[in-house]
Amino acid sequence: MSKLTKYKMVSTKLDAKWDNYVRESKTSTPFLLSTYVVALDGNFRAYYCLKGNEIIAGLLIAVDDSGCNVVGHELMVHDGLFYVNFSALNQSQTLSEEHKISQFIAEFLAGNYKSITLSFSPKIVDIRAFQWVNYHNNLPKYSESIRYTSYVNIAEFADESIDFKDYKLYKNASVSRRQEIRYGYAKNVVVEYTDSIEEFLYLYEKTFERQNIILQQNLLPQMKVLLSNLHASGDIKIYTAKNENGNVGSIAIFLLLNDTAYYLFGANDYSLRAEHTGTAVLWRAFKFLSKLGVTTIDLEGVNSPERGWFKLSFGGAIVPYFNVNYVD
């Protein structure tokens, strides 16, 4: 492993400067934005990684009450690190620099925390430096697991001259999903933007009640603060799908960062399950989002059998991402 005497970690605040680095990075996600993090119940620590006096990466972690363990957070799909853009470096130099940064951060975390759980962005594709910590001795090592999400390319939705049946995405969707898309149009399902957070939270709670799932006591209040923050900052878009009688059957919320939208939350009215709103709210939202400059939808996880197959049926690509764990 490389000697990294020029590198250091510096604690920092989640402020406008931090957000600028997050927004400019090619390897970050909106879950690292201050508007997202400050709304959550939890203990968060943010660091800059410096090489000399130059900021070259950021690290965000959630720790337990003792401050000794990195535990993650239930409402943060991805935490961990992001790199600044090394515009002056070529591809080989960039990969080398990112590897050294991840090595330094992996060693920093192992040296300062008893246990560590991190979930990286799908844009962090090289975690070898974590795998190689204590590689040549019997000291504790990181372990990794692979998770999956689906990326949907919606660039073609911005072209008004193309009929939806001619979209590549439509042709790549499953037979049943294409049928549901057509039914949504035939049944006059209306999809539109809304700012009603309360309506979403009501439907979200009812969704879990129907499944006899008890939500954590502080989850809905956290979500309310979170969504209010993100709506005020313009970082989310909420869409409803109504049947031809004007009843809301489905709601979808997307979290935005640059040209990518992340499917954050969704909820459905089970009594209207035959009204084709569940497919329509996503499919039509793609059109709205494309008009905002979004070209990629991250459907945020295809790791459970039911939701996984539903999301993949829209014709997107499977994309892996990494979780790492460490116990001293």
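Tyr239 is buried, at a relative accessible area of 3%, where buried stands for under 20%, exposed for over 50% and partly exposed for values in between, with a 1.4 Å probe and protein chains only. The model is predicted, so local features need pLDDT of at least 70 and side-chain atom pairs count only at pLDDT 80 or more, while totals for chains, interfaces and linings use all residues. Residues are numbered from 1 along each chain as its sequence is written, and side-chain values use heavy atoms, with hydrogens and water left out.

**Aromatic pairs**
- The structure holds 27 aromatic pairs, meaning rings of Phe, Tyr and Trp (its six-membered ring) with centres within 6.5 Å, called stacked when the planes are under 30 degrees apart, edge-to-face when over 60 and tilted for the rest.
- Tyr21 and Tyr48 make an edge-to-face pair, at 5.6 Å centre to centre and 65° between the planes; Tyr21 is partly exposed at 24% relative accessible area, whereas Tyr48 is buried at 4%.
- The rings of Tyr239 and Phe288 are stacked, because their centres are 5.4 Å apart and their planes lie at 10°; Phe288 is partly exposed, with a relative accessible area of 32%.

**Charges over rings**
- The charged end of Arg273 sits over the ring of Tyr270, 4.0 Å from its centre, and that of Arg284 sits over the ring of Tyr185, 4.1 Å from its centre; the criterion is NZ of Lys or CZ of Arg within 6 Å of the ring centre and within 35 degrees of the ring normal.
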